[in-house]
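Biologist: I'd like to learn how to read a few features of a fold with you. Could we take them one at a time?

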Amino acid sequence: MQQFDVVILGAGFGGSLTALLLDRIGFSVALIDRGRHPRFAIGESSTPIAGYLLQSLSEQYDLPQFQPFCKYGSWQQSYSGLACGIKRGFSYFSQEPNQSFLAQPDHGSELLVTANLSDEMADTHWYRADVDLFFADEVQKSNVVYMDQTEVSFNRSNVWEIAGKRNGECIDLRAAFLIDATGAAGIVPHALGIKHQTEFLTNSTAIYGHFENVTPWAEILDARHINRSDYPFDCDHSALHHVLNEGWMWQLRFNNGITSAGFVLDGEQKTGSAEQNWRQLLERYPAIALQFEGASLVAPESGLVFPRRLQRGWKMCAGVDWALLPHTAGFIDPLHSTGIAHTLCGIERLVAALEKSWGKDAFPQAMSDYSTSVQTELALIDELVAGCYRSLPHFDLFAASTMFYFAAATHFEHLRCREGEKPLFLCADDVHFRYVTRVWMDRVASIQQQTDCDENEIRQAIVDAESLLNPWNQVGLFHPAVPNMYYYTAAPESEPR
């Protein structure tokens, strides 16, 4: 029998990083995964705050091998063999059904929001098959006991009793604390009988996979002689969004020739197979279809992924002897690329709580606070995403709705990077910001319920959105020099505190 302070289930980058951090502060740790690396995974698009958090954690816990992942330039210099994509920011293009993409005056059908000043300092898309393997390999160089291809069951008494098999051999572990990093599998809350969270404002599903030979969107624009000279960056060097009547499509390009692509649809899952729905959507949006004329699916091997409703969550995220990492605690939607940063934010908070309160009277309250914080953050993400969905299909309203995310993200960056504060992710603990977000969401929902939307009312709503966001708008949102073209929105670069 092997005894550990902490056993972690799930060896994605979140579980692996948590294991390494706990090892650094003196905990005995085992990391267990039912599968093996490399493997297909999404949750790939990083953001400035994700880079900042990873840099901060790597410095605080003396893990310098992870610092190059924080920026595209350092990644290419240090780990050129690991696939990634360059991400200068977010790009959005409004697509109308059954017609080619139409450029509007003053970029009325385009929105580009820059997150960094250069390719060298750019964020990245993580090709998770490579990145998760790298993190797991680093675990195996540490004191952490690593077990992949391991199926386990467990009992909870005064400690966690974990039994299982690995390559035909029985394993028998004991742990004082159990961390679930299994994502949607949710092994621990299922076993404990924790109730599902079922009340969400967002209601979406997705069809997705990895493809080869997807034609860059810039080439489609050039073929139609659409002027890109005002764009602050190459539109394909971004988290590219095609905004549709019924949802949106993501495209994330990696430097190994693979593109992650998926349709995310507002409402209940559609009937028919994944392939049928994918084909129908391409037929409905011919400009996107041009991108996929010569493309082929390369992962997963089983075909396009077509899950049920994306939104999921649990009523509790931690107890006195267990905790869920954020991606296990819940998921809303990939619209704002919040996954990597939220995971890192949760890891930072959980590891700090274990380091400061382990074995002390304050520990149960620390775990309760962690649970509440993760749920509060998920609730804000839900509100920010739902506001965007309720803005469809009016692209100018949709663009205004995205400003609520960009205001939250840049204000959070400012507080972390410049002020040294540690608010909840995206300032989810700011009651006033939560209030104005709900006010906006109700406003756009009211507009969309009208049979004929008054353009004057939409224009006034956008003016009101700017007023609502004024306390958090530190980067010139709503008034770029070129309409809908934001040349820089991130908080100024500074050293982590």
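This is a predicted model: local features need pLDDT of at least 70, side-chain atom pairs count only at pLDDT 80 or more; totals for chains, interfaces and linings use all residues.

Biologist: Which residue does the side chain of Arg88 meet in a salt bridge?

Modeller: For a salt bridge, look for a side-chain nitrogen of Lys or Arg within 4 Å of a carboxyl oxygen of Asp or Glu. Here Arg88 pairs with Asp119, at 3.3 Å from N to O. The two partners come from distant parts of the chain, 31 residues apart: Arg88 sits in the loop between strands E3 and E4, and Asp119 in the loop between strands E5 and E6. Asp119 counts as partly exposed, with 39% relative accessibility.

Biologist: Is Glu138 buried or exposed, and which residue forms a salt bridge with it?

Modeller: Glu138 counts as buried, at 10% relative accessibility. Its salt-bridge partner is Lys141, with the closest N and O atoms 2.9 Å apart. Lys141 itself is exposed, with a relative accessible area of 64%.

Biologist: Which parts does the salt bridge of Arg443 and Asp464 tie together?

Modeller: Start with the pair itself: the side chains of Arg443 and Asp464 meet at 2.9 Å, N to O. Arg443 lies in helix H13 and Asp464 in helix H14, so the bridge ties together parts that are 21 residues apart in sequence. Arg443 counts as partly exposed at 27% relative accessibility, and Asp464 counts as partly exposed at 23%. Salt bridges can also share partners, and in that way Glu348, Arg416 and Lys422 are joined into one network.

Biologist: How many salt bridges does a search of the whole structure find?

Modeller: The search finds 16 salt bridges.

Biologist: Let's move on to helix packing. At what angle do helices H1 and H4 pack?

Modeller: For any helix pair, read the axis distance, then the angle, then the handedness. H1 (residues 13–24) and H4 (residues 128–140) have axes 9 Å apart and pack at about 20°. The two helices are therefore roughly parallel to each other, since angles under 35 degrees count that way. H1 passes H4 in a left-handed crossing.

Biologist: What is the handedness of the crossing where H1 passes H10?

Modeller: That crossing is right-handed. The axes of H1 and H10 (residues 339–357) come within 10 Å and cross at roughly 25°. That angle makes H1 roughly parallel to H10. Among the residues of H1 that meet H10 are Phe13, Gly14 and Leu17, and from H10 they meet residues including Ile340, Leu344 and Val351. The contact has 9 nonpolar, 3 polar and no charged residues.

Biologist: How do H11 and H13 cross?

Modeller: The axes of H11 (residues 363–389) and H13 (residues 431–448) come within 9 Å and cross at roughly 30°. That makes H11 roughly parallel to H13, and the crossing is left-handed. In H11 the meeting residues include Thr376, Leu380 and Glu383, and in H13 they include Phe433, Arg434 and Met441. By class, the contact has 7 nonpolar, 3 polar and 3 charged residues.

Biologist: Now the backbone. What should I look for there?

Modeller: Look for exceptions: most residues other than glycine have a negative phi, and most peptide bonds are trans. Here the peptide bond from His37 to Pro38 is cis, with omega near 0°. Pro38 is found in the loop between strand E2 and helix H2. The bond from Ala299 to Pro300 is also cis, with omega near -5°, and Pro300 is in the loop between strands E15 and E16.

Biologist: Where does Asn167 lie, and what is its phi?

Modeller: Asn167 is in the loop between strands E9 and E10, and it has a positive phi of about 50° although it is not a glycine. Asn167 is exposed, with a relative accessible area of 56%. Asn213 has a positive phi too, of about 60°, and lies in the loop between strand E11 and helix H6. At 51% relative accessibility, Asn213 counts as exposed.

Definitions and conventions:
Residues are numbered from 1 along each chain as its sequence is written. Side-chain values use heavy atoms; hydrogens and water are left out. Axes are lines fitted to C-alpha atoms, for helices over the stretch in contact, and angles run from 0 to 180 degrees between N-to-C directions. Helices (H or I, at least four residues) and strands (E, at least two) are DSSP runs, numbered from the N terminus. Angles under 35 degrees count as roughly parallel, over 145 as roughly antiparallel, 65 to 115 as roughly perpendicular and the rest as oblique. A crossing is left-handed if the near helix is turned anticlockwise from the far one by less than a right angle, and right-handed if clockwise. Contact means heavy atoms within 4.5 Å. Ala, Val, Leu, Ile, Met, Phe, Trp, Tyr, Cys and Pro count as nonpolar, Asp, Glu, Lys and Arg as charged, and the others, Gly among them, as polar. Buried means under 20% relative accessible area, exposed over 50%, partly exposed in between (1.4 Å probe, protein chains only).
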